[in-house]
Amino acid sequence: APIAPRQADRTAAEWTEAARAFALSHEADLFGAVPMQDHYIVAGYEIAERNVIVLGVAHDYDKIRKLPSTAEETEGVMDVGVQYARGTRSSFALANWIRAQGFSAHAYPGPKADALLLIPPAIDAGLGELGKHGSLINRTYGSGFRLAGVTTDMPLACTQPDVFGADDFCTGCQVCTNACPPGAIGPEKQTVRGVEKWYVD
């Protein structure tokens, strides 16, 4: 959508609640907003907008629990595609809505979000904690959800990280480490680009 020539007079908190309400009524299950940080952007790319909205779309648990899929049982892998498509629709709908409010906005649907990394802003925006297995853990959906993003210059009130103990649990639990066939999930955190984090090789 083209960017509208006029903007309504709303506070950052009001814009955030309006964007949240729109996203949640247009296929998103989770919503968070944070200021853009350099480490959210893939090296070699540039993003002009100063804020990031991260959306989460939940899997159908009865379908996703059937992964890994086989030739006879494809419901699990099909649900991955269904949810990525839902995230794409939701992020483009939100970006178009923001543009209609008079602000710049660009959609970055997963898994190919190009310039925008989705997990770092999702953690900062409160969508979950990073698990030892390399995926986010959300207090409602576990790791059964997918991400999409929208960058914008719309004023936004930031949401906060949600720390509920997943990181501490992963420190003591070895289930995924022991179950990983190639041994790609280490038992301890590593320093990656200057940050101590769980790392999947």
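Mentor: Here is a walk through some of the charged pairs. Keep in mind that this is a predicted model, where local features need pLDDT of at least 70, side-chain atom pairs count only at pLDDT 80 or more, and totals for chains, interfaces and linings use all residues. Residues are numbered from 1 along each chain as its sequence is written, and side-chain values use heavy atoms, with hydrogens and water left out.

The structure has six salt bridges, each being a side-chain nitrogen of Lys or Arg within 4 Å of a carboxyl oxygen of Asp or Glu. One of them pairs Glu17 with Arg20, with 3.3 Å between the closest N and O atoms. Both sit in helix α1 (residues 12–24), three residues apart, about one turn of the helix; helices here are DSSP runs of H or I, at least four residues, and strands are runs of E, at least two, numbered from the N terminus. Glu17 is partly exposed at 43% relative accessibility, and Arg20 is partly exposed too, at 23%. For scale, buried is under 20% relative accessible area, exposed is over 50%, and partly exposed is in between (1.4 Å probe, protein chains only).

Asp29 and Arg86 make another salt bridge, at 2.9 Å between the closest N and O atoms. Asp29 is in the loop between α1 and β1 and Arg86 is in helix α3, so this pair ties together parts 57 residues apart in sequence. Asp29 is partly exposed at 28%, while Arg86 is buried at 15%.

Then there's Arg139 with Asp162, at 2.8 Å from N to O. They link distant parts of the chain, 23 residues apart. Arg139 is exposed, at 53% relative accessibility.
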